[in-house]
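Visitor: Please walk me through this structure. I would like to know what lies behind each label you use.

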Amino acid sequence: MTAAFVVFKAYWIFIVLLALAGVYCVVATRNLVRVLIGMELMTKAATLLIVVAGWASGRMALAQALIINLIVVEVVVIAVAAGIVVSLFRKNGSLSTRELDKLKN
Amino acid sequence: MIVIFVVLGLMVVSSLWTVMTRSLVRSALGLALTSVILTILMFQLGATMAAVFELSVCAGLITVVFISTISMTKALTHAALLTKTRDRLKRYWYLPALLLVAGAVLAFVLSPLPFEAATPVPAAIDFDALKQMLWKDRQTDLLGQITIIFAGVTGVIVLFKERKGGQE
């Protein structure tokens with residue numbers, strides 16, 4: 001096994017670990033800002049996955065074009081989600097996900 | 001090769017810190033640090049243009065958005081903070097153990113797999129190929145980007161619009 005393949009596998013393992021940390025953050029927290037931070041971590045894992053895929057297949061230009069798209073979408077999603085979080089805080093006075101039960105019943 | 005492993009390890013440690021730290025501001029800074037480390041990895045793999053985007057937008061702009069959001073929301077009282085810290089410790093101490101186990105399992109599972117099917121190429125900076133891809137081959141994506149930015153700007157304007165009575 002060449003050194004390049006060892007590195008390639010290492011990337012895969014660390015990508016999964018990064019995504020796992022993001023998922024855990026979203027699942028374990030009750031704070032809306034932390035939910036967004038968890039989502040960001042998962043996006044970082046996706047970004048690294050695309051870069052590694054581009055590197056492995058030799059199509060780095062396509063990978064970079066996709067990453068630029070991903071970053072634009074990421075920024076817009078975070079900006080709107082942050083706006084929603086601030087609006088919810090102004091409405092409920094709390095950032096807790098447990099307060100989000102106004103639509104219940 | 002050792003450098004890559006160290007950088008990858010640092011990235012996971014910084015993401016762990018991002019998730020486990022008590023302060024939201026530190027959490028946002030940890031996310032920025034993760035972005036910076038990701039940028040280093042992208043430079044190493046030859047995705048230089050995307051790395052510049054990642055550094056300026058994800059490590060810069062998104063951190064500003066997070067810090068602004070945190071500053072617009074109320075801080076907890078000292079007593080509430082203590083209760084919350086105890087509660088947090090209970091919920092988050094599983095994460096390092098989970099990552100260690102997942103890393104060990106993945107290293108064990110992936111080791112016999114024939115990854116030789118993929119052919120890694122040396123990192124090469126080809127700006128013309130990127131220009132061609134971004135502005136010609138994937139032109140429709142740019143239209144999508146513009147639409148998404150327009151939708152985002154409209155969404156933020158609607159969310160922060162002042163109502164007639166001065167109430168937001």
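Guide: Start with burial. A residue is buried if 20 or more other C-beta atoms lie within 10 Å of its own, exposed if 12 or fewer, and partly exposed in between, with C-beta atoms placed from the backbone. Note that this is a predicted model: local features need pLDDT of at least 70, side-chain atom pairs count only at pLDDT 80 or more, and totals for chains, interfaces and linings use all residues. Residues are numbered from 1 along each chain as its sequence is written, while chains are lettered from A and ligands numbered from 1 in the order in which they are written.

Visitor: Why is B:T154 called exposed?

Guide: B:T154 has 11 other C-beta atoms within 10 Å. The cut-off for exposed is 12 or fewer, so B:T154 counts as exposed.

Visitor: Where is B:T154 placed?

Guide: B:T154 is in helix α7 of chain B, residues 139-159. Helices (H or I, at least four residues) and strands (E, at least two) are DSSP runs, numbered from the N terminus.

Visitor: What makes B:F53 buried?

Guide: B:F53 has 21 C-beta neighbours inside 10 Å. Buried needs 20 or more, so B:F53 counts as buried. B:F53 sits in helix α3 of chain B.

Visitor: Which residues is B:F53 in contact with, leaving aside neighbours within four places in sequence?

Guide: B:F53 is in contact with A:I68 and A:I71. Contact means that the C-beta atoms of two residues, placed from the backbone, lie within 7 Å. By C-alpha atoms, B:F53 and B:K131 are separated by 15 Å, though they are 78 residues apart along the chain.

Visitor: Why is B:A102 called partly exposed?

Guide: B:A102 has 16 other C-beta atoms within 10 Å. B:A102 belongs to helix α5 of chain B, residues 94-110. Residues up to four places away aside, B:A102 touches A:V16, A:L17 and A:L20.

Visitor: How many residues of each chain are in contact with the other chain?

Guide: 59 residues of chain A are in contact with 68 residues of chain B. On the chain A side, α1, α2 and α3 each supply at least two residues. The largest share, 25 residues, comes from α3(A).

Visitor: What classes of residue make up the side of chain A that touches chain B?

Guide: That side has 46 nonpolar, eight polar and five charged residues. Ala, Val, Leu, Ile, Met, Phe, Trp, Tyr, Cys and Pro count as nonpolar, Asp, Glu, Lys and Arg as charged, and the others, Gly among them, as polar.

Visitor: What makes a set of residues a nonpolar core?

Guide: A nonpolar core is a set of buried Ala, Val, Leu, Ile, Met, Phe, Trp, Tyr and Cys residues joined through C-beta atoms within 7 Å. The largest one here has 63 residues. Those with the most contacts inside this core are A:L18, A:A21, A:V51, A:I67 and B:A47. The largest share of this core, 14 residues, comes from α3(A).

Visitor: Why is this core said to lie between two domains of chain B?

Guide: Domain 1 (2-111 + 120-125) and domain 2 (127-163) of chain B both give residues to this core, so it lies between them. Domain bounds come from an automatic or database domain assignment.

Visitor: Which residues does A:I67 touch, not counting residues up to four places away in sequence?

Guide: A:I67 touches A:T47, A:I50, A:V51, B:A47 and B:A50.

Visitor: Why is α2(A) called largely enclosed?

Guide: In α2(A), 19 of the 26 residues are buried, so the rest of the structure largely encloses this helix.

Visitor: How do you know that the span of α2(A) is close to the expected one?

Guide: The expected span is 1.5 Å times one less than the number of residues. For α2(A), with 26 residues, 38 Å is expected, and the helix reaches 38 Å from its first C-alpha to its last. Just after α2(A), A:G58 takes a positive phi of about 80 degrees.

Visitor: What is the secondary structure of chain B?

Guide: Chain B has seven helices and zero strands. Of its 168 residues, 22% count as buried.

Visitor: In chain B, where is confidence lowest and where highest?

Guide: Helix α4 (residues 78-92) is lowest, at a mean of 69, and α2(B) is highest, at 92. These are pLDDT values, the predictor's confidence in each residue, from 0 to 100. Where pLDDT is low, the predicted coordinates should not be read in detail. Chain B averages 80, and the mean for chain A is 87.
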